[in-house]
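Subject: Structure handover

Hello,

Here is the structure you are taking over. Please open it first, then read the notes below.

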Amino acid sequence: VTHSIPACIGSMTMNGKQLDHESPVSIFAVNKCYVTVQEGTFFDGSGFAALVREGYKVRSDVNITLEFRTTAAHGVLLGVSSAKVDAIGLEVVNGKVLFHVNNGAGRITAAYEPRGTSSLCDGRWHKLQANKSKHRISLAIDGNSVHVDNPYIQSTSADTNDPLYVGGYPADVKQNCLTSKTSFRGCLRNLVLTKGQQTELFDFSRAFDLRGVFPHSCPGAEH
């Protein structure tokens with residue numbers, strides 16, 4: 001077994017003596033237990049999760065689905081970026097969700113802005129789907145779709161072979177398709193990336209770098 005247990009442990013005794021978990025000698029990636037818990041991964045707004053150390057290849061087609069819950073108006077959701085310009089990025093900026101794609105010829109953006117008084121930063125779960133199919137991109141939030149015209153129709157492939165960063169990214173890492181450096185604060189769940197018939201559900205507990213991120217449990221709604 002190489003991964004930590006996704007659980008809460010309390011009142012532990014050893015040789016009849018109760019262990020003091022309030023003042024441990026050392027501690028790593030252990031958070032408090034919440035009275036009310038929801039399924040998902042909690043991002044505390046300070047870090048990120050780094051997945052696919054060997055490099056994620058976006059290429060011509062990718063479909064991204066996830067659910068998010070936040071009360072913050074800004075935050076990085078996801079990014080994959082080459083050292084050149086090819087990249088994709090998902091972020092919340094001023095309460096809008098932006099999906100950026102650069103296939104090498106220039107960045108294009110699909111932006112979803114909630115209508116009227118509705119807000120995506122209401123602490124409730126929202127479903128996101130971002131789709132890149134060659135030069136076409138679309139974004140849907142809670143089933144409401146946004147499509148955008150791409151003037152660079154000859155450029156169809158985002159040639160990346162780089163880690164997938166979720167909820168933020170390290171200061172020394174370039175992200176060509178993200179405008180924000182603000183780490184996400186809130187909860188994410190059901191992150192799935194699909195390429196053709198290949199579907200991958202990402203388990204954050206298997207990230208190769210995890211900072212300020214707590215897999216498997218989200219505190220109750222932040223109202």
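Which strand gives the most to the lining of the second largest pocket? Strand 14, residues 185-195, does, with four residues. Keep in mind that this is a predicted model.

The pocket
The second largest pocket has a volume of about 240 Å³. Its lining is made up of 14 residues. Closest to the centre are Glu-39, Gly-40, Thr-41, Asn-190 and Phe-202. By type, the lining has six nonpolar residues, five polar ones and three charged ones.

The annotated domain
An unreviewed UniProt entry carries the annotation "domain: Laminin G" for residues 38-218. Over residues 38-218, the chain is 55% strand and 0% helix. The end C-alpha atoms of that stretch are 5 Å apart.

The cysteines
How many disulfides does the structure hold? It holds zero. A disulfide is a covalent bond between the sulfur atoms of two cysteines. To count as one here, the two sulfur atoms must lie within 2.5 Å. Take Cys-121. The closest cysteine sulfur to its own is in Cys-187, 14 Å away, so the pair is too far apart for a bond.

Is Cys-121 buried or exposed? The cut-off for buried is under 20% relative accessible area. Cys-121 has 17% relative accessibility, so Cys-121 counts as buried. Cys-218 is at 0%, and therefore counts as buried too.

That is what I have for the handover.

Best wishes

Conventions:
Residues numbered from 1 in each chain as written. Predicted model: local features only at pLDDT ≥ 70, side-chain atom pairs only at ≥ 80, totals over all residues. Heavy atoms only, no water. UniProt positions renumbered as here; feature names shortened; annotations may be inferred. Helix = DSSP H or I, 4+ residues; strand = E, 2+ residues; numbered from the N terminus. 1 Å grid on protein atoms, 1.4 Å probe; cavity = no way out; pocket = protein on both sides within 12 Å on 5 of 7 lines; lining within 4 Å. Points joined across faces, edges and corners; volume = space filled by probe spheres on them. Nonpolar A, V, L, I, M, F, W, Y, C, P; charged D, E, K, R; others polar. Buried < 20%, exposed > 50% of the residue type's maximum accessible area, 1.4 Å probe, protein only.
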